[in-house]
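Here is a short briefing to read alongside the sequence and the model. Keep the view open as you go through the points.

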Amino acid sequence: MKAKSKSSKGSAFERQVCVQLSKWWTQGERDDVFYRTPGSGARATTRAKKDKPSSNQYGDILASDSVGEPLLKLFRFELKRGYSTFTIQDMLDGKKESPYHKWIQHVKECSAQSGSLSWMLIHRRDKRNTVCIFPTPIFDDLMIEGGKGGIPFYWCLYQSDVAGIVCVNLESLLEAVEPHLV
């Protein structure tokens, strides 16, 4: 049996997260509201270099139905699968820049280019739970406005232009936050 390539693992992960977000967003009614952005947003990145906007092409997730657009006005998503030798802790105690720095910088740029309010990095290391990483103020707003509370999280100071970031188990976040209040 052939081993899966890294790109096929990533593509399958992106499809899985899109279904998960679709079901959460529609309270279990639909699994097709979000889908993978063709080329993982490369078209928008290329066009942005020429100061050209691109509709619905930023980040790794797009809304395949307009019902999903409000979530993308809040977040632009970057999805990563694998990279098991790195952890979010590397941002704090690593001697050199971790992949998390690059991923966060990329998704922040996608968010800015698209006009979204914020960004979210979703990552699953091999044989681990899926986590999401995003700015602390957004986490605070989600917990105050739409959260049920009691969600375990990891907080760290990241850069001067972000008050801090939160790392949360994706399943826990989706259970704790009511989508209609986002």
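Predicted model: local features only at pLDDT ≥ 70, side-chain atom pairs only at ≥ 80, totals over all residues.

Residues are numbered from 1 along each chain as its sequence is written, and side-chain values use heavy atoms, with hydrogens and water left out.

**Overall fold**

- The chain has seven helices and seven strands, where helices (H or I, at least four residues) and strands (E, at least two) are DSSP runs numbered from the N terminus.
- Read from the N terminus, the order of elements is α-β-α-β-α-β-α-α-β-β-α-β-β-α.
- Of the 182 residues, 47% count as buried; buried means under 20% relative accessible area, exposed over 50%, and partly exposed in between, with a 1.4 Å probe and protein chains only.
- Among contacts (heavy atoms within 4.5 Å) with a separation of 6 or more, 63% join residues 24 or more positions apart.

**Helix α5**

- Helix α5 covers residues 99-114, and its 16 residues should span 22 Å at 1.5 Å a residue; the end C-alpha atoms are 23 Å apart, which agrees. The expected span is 1.5 Å times one less than the number of residues.
- Its buried residues include Trp103, Ile104, Val107, Lys108 and Ser111.
- An α-helix has 3.6 residues a turn, so residues three or four places apart point the same way.
- The cover over the buried residues of α5 includes β3 (75-81), α4 (90-93), β4 (118-124), β5 (130-135) and β7 (165-169).
- Just after α5, Gly115 takes a positive phi of about 85°.

**Nonpolar cores**

- A nonpolar core is a set of buried Ala, Val, Leu, Ile, Met, Phe, Trp, Tyr and Cys residues joined through side-chain atoms within 4.5 Å.
- The largest core has 32 residues, and those with the most contacts inside it are Phe34, Phe75, Phe77, Ile122, Phe134 and Leu173. Helix α1 (residues 6-25) gives the largest share of this core, six residues.
- Another core, of 11 residues, lies apart from it, with Trp103, Val107, Trp119 and Cys167 among its members.
- Leaving out residues up to four places away in sequence, Phe134 touches partners including Phe75, Trp119, Phe139, Val166 and Leu173.

**A buried strand residue**

- Ala63 sits in strand β2 (residues 61-63) and counts as buried at 6% relative accessibility.
- Ala63 and Thr37 are 26 residues apart in sequence, with their C-alpha atoms 8.8 Å apart in space.

**Salt bridges**

- The structure holds five salt bridges, each a side-chain nitrogen of Lys or Arg within 4 Å of a carboxyl oxygen of Asp or Glu.
- Asp32 and Arg30 meet at 2.9 Å, N to O. Asp32 is partly exposed at 38% relative accessible area, and Arg30 is partly exposed at 29%.
- Arg30, Asp32 and Asp65 are linked in a network of salt bridges.
- Lys80 pairs with Glu78, their closest N and O atoms being 3.4 Å apart, and both residues are buried.
- Arg81 bridges to Asp126 at 2.4 Å between the closest N and O atoms. This pair links distant parts of the chain, with Arg81 in strand β3 and Asp126 in the loop between β4 and β5, 45 residues apart.
- Asp126 counts as partly exposed at 29% relative accessibility.
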